[in-house]
Amino acid sequence: MNIHEYQAKEILSRLGMRIPRGRVAFTAKEAEVIAQSIGQGPYVVKAQIHAGGRGKSGGIRLAKDPVEARQIAWEMIGIRLVTPQTGPEGKPVSRVLIEETVPIAQEFYLGVTIDRTLGKVVVLGSAEGGMDIEEVAARSPEKIRQVHAEAGCGVTQFQGRKIALAMGLEGGIIGKAATIVSALYQGFMEYDCTLAEINPLVLTEGGDLLALDAKMNIDDNALFRHPEILAMRDVEQEDPRDTEAMRLGLNFAPLSGNIGCIVNGAGLGMATLDILNYYGGKPANFLDAGAGASKEVIRNAFRLLSSDPRVKGILVNMFGGITRCDSYALGIVDALKAKPLTIPLVVRLEGTNVELGRKILAESGLDILYAGDMREAAQKIIELVNKKE
Ligand code: ADP
Ligand code: MG
């Protein structure tokens, strides 16, 4: 789950990080009052969306006085902001952050994430702040300094100083930067993040270090122990398919293709995506109905996929183990009777009681294409979907 910049800043500020003075506004009038309370202008009005790249896309604007802050807020709130990170449909702006303008001497990048190759938490620092870090990583990876946290001792002050030195900082600022690295690492761990990022971290003309932007992504699987984070959820920012899957308790990840997939087991799920891609198909999602997939789960899975206009056909690929193929077949028939499908469906079953499962599907009178193996299943659904497109 993602949270907004202003929410991440609040968390980091509680951990001792310095942030610009400011507050979030839901209305234009509020924006004006907040600007007044900050003191002398100019102010920065920042659209709050779950995506970066706002600076380049009109989502960060300067206001010389509170009245202008009000005007800009009025223009921003209610629009859909399109940035290089949102996709063409953009993200809705329902609130703006009003901040003091910080006199910037230099911008840096600081991030904490998981290095999956080493299985460790990694801190990334760079003097190339304020811009797209993926671009820096691709163009000149040597400009990003990495240090890895060791289990038990986390990120040490020494490692923090290493990052600060790599950023080109000098003198007393190095110690301040190391403290910020510790605070960001602490935030990352405490809130079970997958990413905690400050881009840019800025050195002010007065020699201060401040977080000007902040991003925290929290692992969905850890949300049960962070009710205060769950309370920050802004459903409007999410892909509606994700929101619905979360509500239904499905293990679901949207993808960009047009073939909906329902499988049982993550390994079979990955294999299904692979085989579809191999034969030139484009999966619309990953959906693991789980080993015990009950009627209700199968119903919900069909409902979720068939409500997505991008899905032009569905492939069910299930393996009967302890839960037998006949149970899955009954679940599929039940789901289709509850809500008939208007798009093609291919089902491949294998394992315990496969013959019985196949018989149930065949005798259901429903328009279900049965496939004997994965190759045939993939080819059939691809052919049917391509015919429709
Ligand atoms: P995004 O990453 O979405 O583009 P940022 O919050 O990083 O948004 O802002 C983009 C740029 O705008 C920053 O790199 C910085 O130069 C400038 N900026 C943002 N907030 C402030 C602020 N409070 N004072 C001065 N400049 C700011
Ligand atoms: Mg930024």
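Between which two elements does the loop that holds Pro-42 lie?

1. Pro-42 is found in the loop that runs between α2 (28-38) and β2. The model is a predicted one, and the points that follow should be read with that in mind. The bond between Gly-41 and Pro-42 is a cis peptide, and its omega is about -5 degrees.

2. A cis peptide bond also leads from Asn-199 to Pro-200, here with omega near 15 degrees. Pro-200 belongs to strand β10. Asn-199 takes part in the ligand site as well: one of its polar backbone atoms is 3.1 Å from an oxygen atom of ligand 1.

3. Two further polar pairs involve the ligand. From Lys-46, a polar side-chain atom lies 2.7 Å from an oxygen atom of ligand 1. From Val-102, a polar backbone atom is 3.0 Å from a nitrogen atom of ligand 1. Ligand 1 on its own exposes 550 Å², of which the protein buries 83%.

4. The largest pocket is where ligand 1 sits. Elements that contribute two or more residues to the shell around ligand 1 are β2 (43-47), β6 (96-100), β7 (104-115) and β10 (193-204). Both domain 1 (20-101) and domain 2 (103-237) supply at least three residues to the shell.

5. How many residues surround ligand 1? The number is 17, and the closest are Lys-46, Arg-54, Gly-55, Glu-99 and Glu-107. Sorted by class, the shell around ligand 1 holds 6 nonpolar, 5 polar and 6 charged residues.

6. One backbone angle remains. Asp-192 has a phi near 55 degrees, which is a positive value in a residue other than glycine. Asp-192 is placed in the loop between α6 (173-190) and β10.

7. On the backbone features as a group: most residues other than glycine have a negative phi, and most peptide bonds are trans.

How values were computed: Residues numbered from 1 in each chain as written. Chains lettered and ligands numbered in written order. Predicted model: local features only at pLDDT ≥ 70, side-chain atom pairs only at ≥ 80, totals over all residues. Heavy atoms only, no water. Near = heavy atom within 4 Å. Polar contact = N/O pair within 3.5 Å; in protein donor to acceptor, adjacent residues only side chain to side chain. Areas by Shrake-Rupley, 256 points an atom, 1.4 Å probe, with all protein chains shown as cover. 1 Å grid on protein atoms, 1.4 Å probe; cavity = no way out; pocket = protein on both sides within 12 Å on 5 of 7 lines; lining within 4 Å. Sits in = over half its atoms within 2 Å of the grid points. Helix = DSSP H or I, 4+ residues; strand = E, 2+ residues; numbered from the N terminus. Nonpolar A, V, L, I, M, F, W, Y, C, P; charged D, E, K, R; others polar. Domains from an automatic or database assignment.
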